[in-house]
Structures are given as C-alpha cells and as structure tokens.
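Subject: Structure for your files

Hello,

Here is the structure I said I would pass on. My notes on it follow below.

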Amino acid sequence: MSIQKIARLAGVSVATVSRVLNNSDTVKDKNREKVLQAIKESNYQPNLLARQLRTARSSMILVMVSDISNPFCAEVVKGIEEEAEKNGYRILLCNSGSDIERSRSSLQLLSGKMVDGIITMDAFSKLPELSHLIASTPWVQCAEYADAGEISCVGINDSDASQEVVRYLADKGRKRIALINHDLSYKYARLRQQGYLQQLEQHQLAWQAIGYASELSFNAGKHAMMALLAGEERPDAVFAVSDTLAAGAMAAIQAAGLSVPEDIAVAGFDGTELAEMVTPPLTTLAQPSRDIGRQACRLVLHKIDQPDSAPERVIMQGHLIERASA
C-alpha cells in the first residue's frame, strides 16, 4: 500500500497524507480523521527510512534508565512511551545501570542519527560525562537533576517529600525513626537523607540510624533491615527510600517475630503497585511517575522542535498515601 493509494482511499491529496504522517498542525481535523481511518483500514506501514531521509528525523527517542527492574523507572518509561506515541515517536530503551560504558555504547546511536533526542535517568554524578558524550543533541534528565544548568529536567522535590514522610511518622509518636537509603551517588538518595535528618532535628529526635542497601531490591531491603535490627536499640519506625526496599524491610521485621506497625512502623517511597500488594499495605510517598515521564517527553520534543530554546526545570508534586503499615 502506497501513500498515493492512501490519498485515494481518504479522498485527499498526497500532500495532506504526508502532513498527517509527519504530524503537521496544518491539517484540518476532518481530513486528518479521513487519512487515519484509511491507514487503519489498509493496515498501512509508513517507510520509516524514507521519512527519515525526507525530514532529517528518525522519530525515535533514546531512553536511558538506571534500572528497568525498579518499578518507579518502569512507570516513568510507560509515561514517556505514551506521550511519544501520541506525537508519532517511538522509544529505544537502554538499561544503563548507571554504567558509563554501557551508556557510551548506546550513545553511539547519536552519530548515526538514529535518534532525535534523549531522556536519561542516570545518577546525578554521571551527568558531566554524559553531557560531554551527548553534546548538542536534545536532552532531558528525568528524576535526577541539577539545580541549574543547560539540561532540561523534571522530577519532584526529594528533600521536601522525605520530610513529609518523617514528619508523619514523628507525629504518630514514633521516637526512633531509622532510614534505609541507597547509593549516595544518586542525588535523590542524598536529598531524601537530607530531608530525613532535617525533620529529626525539627522534632528534636536525637536517635537516628541509617542503613544502606546495596541495590534497590527486596533482598537488599531485607538485609539492610536485619542490620538495623541487630543494633543496640531497635527502631520503632523505618522510612525506606523506595517501596521495594520497604517491602524487604517488612519481611525482615516479620521474620524476626515482630509486627508491622505495632512494633515497627514502615513507610516507603514512590507509590508503586507493590505498596498495595504487601501485608499490611504500605504507607508511601507517591510520585506522579507516569506524569514525570510524559512531561519529560514533552520537554524533549519541544527541544527537538526548537533546539535553541532555553532549558526548562519542572518540579512536580508527590503526595503521601496513608496505609496500615504506619
């Protein structure tokens, strides 16, 4: 099926079909519907290579995530993909593990003009080297970001969000609130720890304990919690910087013969489906994960269309979901 046949089926010009395929805003809604219906009925597949040669664009976005097994990352990617498809784009997904060599390999796609823009979720500490590799390609940093700079970014205020969780636990009468954190090369980990410490100080809670999970996994959360339980004084509440770590912490508490929340309250972060699946259901600070992804995609598409536009910094709002674990 050719573009000419699509035009005949829709009763419009070849130029109109071409404008629809290239997501032009100049097409009347009525004509756009005719073309889209003709494409659907004929199962037409546009020649992407031909379109790339014609428009100097690939209609592809490279998405580099630090860990696709992290439910938060997976939800952000879903949001990116939804927004990309709405705008005629597809995504290429790279699970970088924040490894600069794996990132370098994926970024070779830039030299071949295989992608039009990039969305990254790598650790903040990797941004300077990534910036050198990416150069002038339209780029948006998601979840991890600088306070200022030349890179558009989208995320939440991690320090404020963390303080909201610790404030909630303190207001419930918890006096020994521990933190299970992750890799401090991630800015979110540093900011959430900062918020934890600030809120303890505001509530004049001298007791503190921080455990560091080796990775964002259930088992790592379990081991970090076991280490906290082995301390001289047991916490009466635990705040974990991800729902996955919190689920592991709950398993360790229950395996030790203790109850959640009667002996130890537990709160997580991210607002993933996992928080509703554990027993008891998990109190968590929910991030607008899919909206973060959608907004990141909008930012990179804007940068693709207007390369000289100023970088934008979008800070979105999370919210605390109270459940039985705390």
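Ile118 has Trp139 in β4 as its bridge partner. That pair belongs to the link between strand β3 (residues 117–121) and strand β4 (residues 139–142), which run parallel and are joined by three bridges. Please keep in mind that this is a predicted model.

The sheet

β3 and β4 are part of an open sheet of six strands, paired in parallel in the order β2-β1-β3-β4-β5-β11. Which strands stand at the edges? They are β2 (90–95) and β11 (313–316); each has a single partner strand, so one side of each is left without a neighbour in the sheet. From one strand to the next, the twist averages 15 degrees.

Aromatic pairs

The count of aromatic pairs comes to two. One of them is formed by Tyr186 and Tyr188, with ring centres 5.5 Å apart. Their planes are at 50 degrees, and the pair is therefore tilted, since only planes over 60 degrees apart would count as edge-to-face and only those under 30 as stacked. Tyr186 and Tyr188 are both buried.

Phe239 and Phe269 also pair: their ring centres lie 6.3 Å apart and their planes are at 40 degrees, so this pair is tilted.

Phe269 counts as buried because its relative accessibility is 0%, and the cut-off for buried is under 20%.

The charged end of Arg192 sits over the ring of Phe269, at 3.7 Å from the ring's centre.

Where is Thr272 placed? Thr272 is in the loop between β9 (265–270) and α13 (274–277). With a relative accessibility of 7%, Thr272 counts as buried. What does Thr272 touch, leaving aside its neighbours within four places in sequence? Its contacts there are Pro71, Phe72 and Asp243.

Regards

Methods
Residues are numbered from 1 along each chain as its sequence is written. This is a predicted model: local features need pLDDT of at least 70, side-chain atom pairs count only at pLDDT 80 or more; totals for chains, interfaces and linings use all residues. Side-chain values use heavy atoms; hydrogens and water are left out. Helices (H or I, at least four residues) and strands (E, at least two) are DSSP runs, numbered from the N terminus. Buried means under 20% relative accessible area, exposed over 50%, partly exposed in between (1.4 Å probe, protein chains only). Contact means heavy atoms within 4.5 Å. Rings of Phe, Tyr and Trp (its six-membered ring) pair if their centres lie within 6.5 Å; planes under 30 degrees apart count as stacked, over 60 as edge-to-face and the rest as tilted. A charge sits over a ring if NZ of Lys or CZ of Arg is within 6 Å of the ring centre and within 35 degrees of the ring normal. Two strands pair if DSSP finds at least two bridges between them. Axes are lines fitted to C-alpha atoms, for helices over the stretch in contact, and angles run from 0 to 180 degrees between N-to-C directions.
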